[in-house]
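Please open the complex in your viewer and keep a selection panel at hand.

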Amino acid sequence: MFANARGLAILAFVSLVGAETASLYAAVSDEACRRMSLRLRGVPPSAAELATCRQQATAYDAALAFTVSNIFLSEVKDNFAPTNNEDGNYFVPLDDYLATVMGFARDDRDFREILYGNNFYTCNAVPAGGAALQNAYSVSDNLHYEECEQEGDFRGRLQAEQIQVANPIFANNPTDVPAGIYTLRGFGCMIYEAGTNRAAFRWTLAFFLGEVIDKFADSQTPDYRVRRDVTRQPGGSATVYETKCKTCHGGMDPMADAWAFNDCVEDDNGVRQLTYTKPAPGATPNAVAQAVVQKYASNANTTPQAYRTVGDAWTNQWNRRANTRVEWNFPVDTDRSGTGPKAFGQMIAETGQFKRAMAQRVYRKTCLVEENLHTSPIILDLAAKFEAEGFSIRKLYAHAAAECAEAKNNDSNG
Amino acid sequence: MRVKLTLAILSALFFIGCKEKKGSFKGGGGESVIDDNTVVGEEVEALPSEELVEEGQSQEGDALAESPEEEEVILTRTPIDFGVKNSNQIYASLLAVTGVEESQPLADFFVGVEQSLGPFSNQLVDLTAGHVANIFKLSTEVCDAMVADTALAGSFFQGCDLAKAPDALAPADKSCLAEKAAQNFWGMTEDSQTLITMIDSVIPDLAGETNGNVIATFTCANAASALQSIIY
């Protein structure tokens, strides 16, 4: 009798401990599910989704399930929208650039290729029960994408296409173009508009390496390729040039030559479209130099004896001193040269800092916390996972959401 | 957890009310991001997020970056890792939760209020009373469209009686409406009593109203524009 009672007591104790342990370690908590759903999609999970979420082996698995939805793609668009306009504005219509980012996310494509690949996304696919869009894709307006955004159902409509096919201006020089978003209207017409095409370089650093150009300033960089429009004596002081202007222009100008043949031109009817003026292979050096877009020669009288851009050959002299933190894909203390935006975009995409910048952008949006780009263990860990999973931005979102949901969970339990 | 969140929100709102905004992190594109660790100016992005330079030591962002020799007092604080949805996110989540498809009138309405809708970032400090009022207007438009669609309304308010006139609603009817709206927008029903209180407050003004959809729209819009929906 006593033995039976003791046995029952032990059984009851074991089952109680077991139940408690199960609830503590049961895969994913309700709170974590809710947070991940909100952060990835902006909406709480339904009862059915919550039940599924609880059963997942890890928070990452649960988070991944929340990324298979239209509203997740809207979140991706929202995160990258500030990178397609100089004001950093969220309120921008869908365009070929943002649709491409969403398409890469949906299809788990290698996200590095947005800077140098031949693929982009239209909304040409027709979802089940839907109809084709009335506005066809055009290289000279954005109506197709604006209609797509209004129709919604991005998952059903996004369709991978080839830039070279959609825009014939990039068909003749496959070595240098197409170059991902640099050869798409949405991003291109932002970075090439007016100016001197240096914006293409500056925004590349800011958006895809996560740091403004001032962070790259290096006074020891040679300035033999700083262009003619930069005065060597601003306000009469050569010292200002040496200590301020040169520190950025010395590295920037040789690399900004990558876009020597790229422009966005607006005609008399207000139609804006990309242009690409590089002559076909075999042209004489003089013909190539003549084809450089006019903006590279603007204000040339400022310093007429300085370097004149004669083509799209670029050189990276910034793999020295503090700029080695970028983790370029070539040996430290050497230069890297190439031609055109394609090779340039690939060089940027293959840096260690590109991975970290994307991890930081996603973590910032998903977890609403700013982590240091270079030293945060969270960012380093996410960047490593980003690479290990084939640079899938969707999986990076899931890892980020799981990271902060678990951290919060541990806080609550602790 | 709810208590912790509520306390956090209240303390953050208190913080906003009492303190001048002194700086914010800036992303690459100039968009703002939340981080209440921020006490100094623009050049703070080099700081690890757990670190906080003691307030009052430096009000100039550049000073931090350019004067590393100055002794810095580093404190640690757990980051406040919640924010507000920006207006794009609010609109997208409204459509997703209600199941309403974006129609031209709705799109026109959103575009019309978009620039004043706000908030324009995910920072809590960017949320103003004016934004909340505009969010309620947008919520009303979307909820009205949802309630007008019998199938969507039946799915959203599953099991609730939407035909009853406002002054004929029994407590169970109100609970049903409130709990469904809270569950759909907030993912929880613990705070649904606040919606019932709202319903009770408006019923006297609807004396003689026979259309049950009015209360359904009202409940939906209140849940959609509540802090539980906006903050995430």
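Which residue takes a positive phi in the hairpin of β3(A) and β4(A)? Select A:Gly270: its phi is near 80°, and the hairpin has five residues between the strands.

The model is predicted, so local features need pLDDT of at least 70, side-chain atom pairs count only at pLDDT 80 or more, and totals for chains, interfaces and linings use all residues; side-chain values use heavy atoms, with hydrogens and water left out. Residues are numbered from 1 along each chain as its sequence is written, while chains are lettered from A and ligands numbered from 1 in the order in which they are written.

Strands are DSSP runs of E of at least two residues, helices runs of H or I of at least four, numbered from the N terminus; two strands pair if DSSP finds at least two bridges between them. Within this pair, A:Glu266 has A:Arg272 in β4(A) as its bridge partner.

Move to A:Gly152, in the loop between α7 (143-151) and α8 (154-157) of chain A. A:Gly152 counts as buried because its relative accessibility is 15%, the limit being under 20% relative accessible area (1.4 Å probe, protein chains only).

Chain B averages 72, and 65% of the residues score at least 70. Over residues 1-70 of chain B the pLDDT is below 50, and this stretch has 126 contacts (heavy atoms within 4.5 Å) beyond near neighbours in sequence. For the complex, the predictor gives an ipTM of 0.79 and a pTM of 0.83.

Definitions and conventions:
Buried means under 20% relative accessible area, exposed over 50%, partly exposed in between (1.4 Å probe, protein chains only). pLDDT is the predictor's confidence in each residue, from 0 to 100.
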